[in-house]
Amino acid sequence: SMIDRGNYRHFMSKEIHEQPEVVSHTLARYLDMSTGRVTLPEGFVEQLGRVQRLSIAACGTAYLAGLVGKYWMERYARLPVDVDIASEFRYREPILGPGGLSLFISQSGETADTLSSLRYCREAEQTVASIVNVEDSTIARESDLILPTLAGPEIGVASTKAFTCQLSVLAAITIAAGRVRGVLGEEDEAKLVRALIEVPRLMTQTLRLEEQIEGIARELSRAKDALYLGRGMNYPIALEGALKLKEISYIHAEGYAAGELKHGPIALVDENMPIVVIAPSDMMFEKTVSNMQEVAARGGRIVLLTDAEGAHATGEQPFARVILPRMYQFVQPLIYALPMQLLAYHAAVSIGTDVDQPRNLAKSVTVE
Ligand code: G6P
């Protein structure tokens, strides 16, 4: 094949490191860097302005991208969003009014459940848009509009660069929707676009933390279970961190909304339980830290992902602390996804699993 691992030990590692570049390509497709404006097909933007709600359906990591999209679009565009796991979508018989808009997200463009959700929406006469990485896929062909991710071929079964490219497209949609719905002004748009343009550089900076994260992952690899906590738009990133760890290291992991911890999973916490906490210093910070302290009081081994300000504010030393660059809140999910991938990758390498082809999983699932 034309695609090789280069100097990387696994495709997954290569693909993690490609992110600054492929995200930059994807952003360049949807943003006009010189004017600070989003460039999406006009008809699509017009529809984003008109619809009462948007329904998103996808599977696996693509679903979690959709969940970030929901947090973004509701917050920055005041656009109500339903996001479903594709295998659930059809069977809950969602109410799809006339003139509705639905969005499907898929790396391969071949996932059976996502495709049948798309066909369900077509039958209900919805406009069908899809974010796909493979432009000549079935999902792409059956859509009214495709918004490609320019991630290039993704070989590792566990999705990495496709995910952050999907987020990049969703971020552009969010800004366009915010503008057309009158929630964001021209200045706001320019500010959010500038924040996105910074993402590749922030990713490069974050990837420099790999050695430190590798050390933490080695510790993590000895655990039987792990918890991942996040809030708001970083809650889906906690889910993605847990999913990545399960997929390639086979360590049982759960992602939880930090505030929900006390309603169940805290019962699992003992001194052997690693808890990865995503807590950048933003308006959610204090609440998340107080959830973290509930865990610390029960002996949980906290791995705190934050920035310099957050590290300063959390007096007592957690088991491990990874300090990411400061960034605009909007782009946090794009950046905090990277330590999630690196933790899972290095835990798996240290255990010795088949990272690129984990047992029981397929890159593209074409059965329902
Ligand atoms: C499989 C893969 C996942 C992927 C999911 C959805 O389960 O192992 O990495 O997120 O399918 O795939 P898609 O191609 O639709 O994004």
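Predicted model: local features only at pLDDT ≥ 70, side-chain atom pairs only at ≥ 80, totals over all residues.
1. Two strands count as paired if DSSP finds at least two bridges between them. Helices (H or I, at least four residues) and strands (E, at least two) are DSSP runs, numbered from the N terminus. On these terms β5 and β6 run parallel and are joined by 6 bridges.

2. Residues are numbered from 1 along each chain as its sequence is written.

3. β5 and β6 belong to an open sheet of 5 strands with parallel pairing, in the order β4-β3-β5-β6-β7. β4 (81-85) and β7 (145-148) are the edge strands; each has a single partner, so one side of each is left without a neighbour in the sheet. From one strand to the next the twist averages 20 degrees. Axes here are lines fitted to C-alpha atoms, for helices over the stretch in contact, and angles run from 0 to 180 degrees between N-to-C directions.

4. Within this sheet, strand β3 (residues 54-58) pairs with strand β5 (residues 101-106) in the parallel sense over 5 bridges. A57 has F104 in β5 as its bridge partner. Helix α4 packs on the sheet and touches β3, β4 and β5, with its direction at about 170 degrees to that of β4. Helix α6 (residues 112-123) also packs on the sheet, touching β3, β5 and β6 (127-132), and its direction makes about 165 degrees with that of β5. Contact between two residues means that their C-beta atoms, placed from the backbone, lie within 7 Å.

5. Burial is counted from C-beta atoms placed from the backbone: a residue is buried if 20 or more others lie within 10 Å of its own, exposed if 12 or fewer, and partly exposed in between. In β6, 5 of the 6 residues are buried, so this strand is largely enclosed by the rest of the structure. For helix α8 the count is 20 of 20, so α8 too is largely enclosed.

6. A second open sheet of 5 strands has parallel pairing and the order β9-β8-β10-β11-β12. Its edge strands, β9 (252-257) and β12 (320-324), each pair on one side only. Neighbouring strands are turned by 15 degrees against each other on average, direction ignored. Strand β8 (residues 225-230) runs parallel to β9 and is joined to it by 6 bridges, and A226 stands opposite A253 in β9.

7. Helix α11 (residues 210-220) lies across β8, β10 (274-278), β11 (301-307) and β12, at about 150 degrees to β12.

8. I275 is in strand β10 and counts as buried because it has 27 C-beta neighbours inside 10 Å. Its contacts, leaving out residues up to four places away in sequence, include L227, L229 and I302. The C-alpha atoms of I275 and I302 are 4.8 Å apart, although 27 residues separate the two along the chain.

9. Around the ligand there are 16 residues, of which G60, S106, Q107, S108 and T111 come nearest. A residue is near a molecule if its C-beta atom, placed from the backbone, lies within 6 Å of it. Helix α4 (residues 60-76) gives the largest share of this shell, 3 residues.
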